[in-house]
Amino acid sequence: MDRIMSCKEHIEEALDDAVYGGFKLPVLKAFFPVDKQNHKCAYCEESPIYVVENEYSPTI
């Protein structure tokens with residue numbers, strides 16, 4: 001998994017999962033999807049407002 005979408009209530013869990021789950025360079029970003037209905041928080045059924053992505057690249 002290279003990204004974790006999260007609602008406001010679960011952002012701490014998403015960051016913890018990214019750090020302890022193997023993301024080498026976790027980056028927190030705002031989530032601005034065109035179609036929010038197809039995306040859900042990884043921990044509940046709310047619409048996500050944050051996304052934690054693994055920005056690690058072996059070429060950096």
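**Labels and their grounds**

Ser6 has its place in strand β1, in what is a predicted model.

Q: Why is Ser6 called buried?
A: The label requires a relative accessible area under 20%; Ser6 has a value of 0%, and therefore Ser6 counts as buried.

Q: What makes the pair of Ser6 and Ile11 a polar contact?
A: A polar atom of the Ser6 side chain and the backbone nitrogen of Ile11 lie 3.1 Å apart, which falls within the 3.5 Å limit for such a pair.

Q: What makes one side of helix α1 the buried side?
A: The buried residues of α1, which spans residues 11–20, are Ile11, Ala14 and Ala18. They cover an arc of only 60 degrees around the axis, so they sit on the same side of the helix. In general, an α-helix has 3.6 residues a turn, so residues three or four places apart point the same way. The exposed residues Glu12 and Tyr20 are carried by the face of α1 turned away from the buried side, while the cover over the buried residues includes β1 (3–6), β2 (26–30) and β3 (50–54).

Q: Which residues make up the largest nonpolar core?
A: Its six residues are Ile4, Ile11, Ala14, Ala18, Phe23 and Val52, and α1 gives the largest share, namely three residues. For membership, residues of the nonpolar kinds must be buried and joined through side-chain atoms within 4.5 Å. Among the residues that Ile4 touches, not counting those up to four places away in sequence, are Ala14, Ala18, Phe23 and Val52.

Q: Why is the pair of Lys29 and Glu53 called a salt bridge?
A: The closest N and O atoms of Lys29 and Glu53 are 3.0 Å apart, and because a salt bridge needs a side-chain nitrogen of Lys or Arg within 4 Å of a carboxyl oxygen of Asp or Glu, the pair qualifies. Lys29 belongs to strand β2 and Glu53 to strand β3, so the pair ties together parts that are 24 residues apart in sequence.

Q: What makes Lys29 and Glu55 a salt bridge as well?
A: Their side chains meet at 3.1 Å, N to O, which is within the 4 Å limit. This pair links distant parts of the chain, with Lys29 in strand β2 and Glu55 in the segment after β3, 26 residues apart. The structure holds two salt bridges, and Lys29, Glu53 and Glu55 are linked in a network of them.

Methods. Residues numbered from 1 in each chain as written. Predicted model: local features only at pLDDT ≥ 70, side-chain atom pairs only at ≥ 80, totals over all residues. Heavy atoms only, no water. Buried < 20%, exposed > 50% of the residue type's maximum accessible area, 1.4 Å probe, protein only. Helix = DSSP H or I, 4+ residues; strand = E, 2+ residues; numbered from the N terminus. Arc of directions from axis to C-beta. Contact = heavy atoms within 4.5 Å. Polar contact = N/O pair within 3.5 Å; in protein donor to acceptor, adjacent residues only side chain to side chain.
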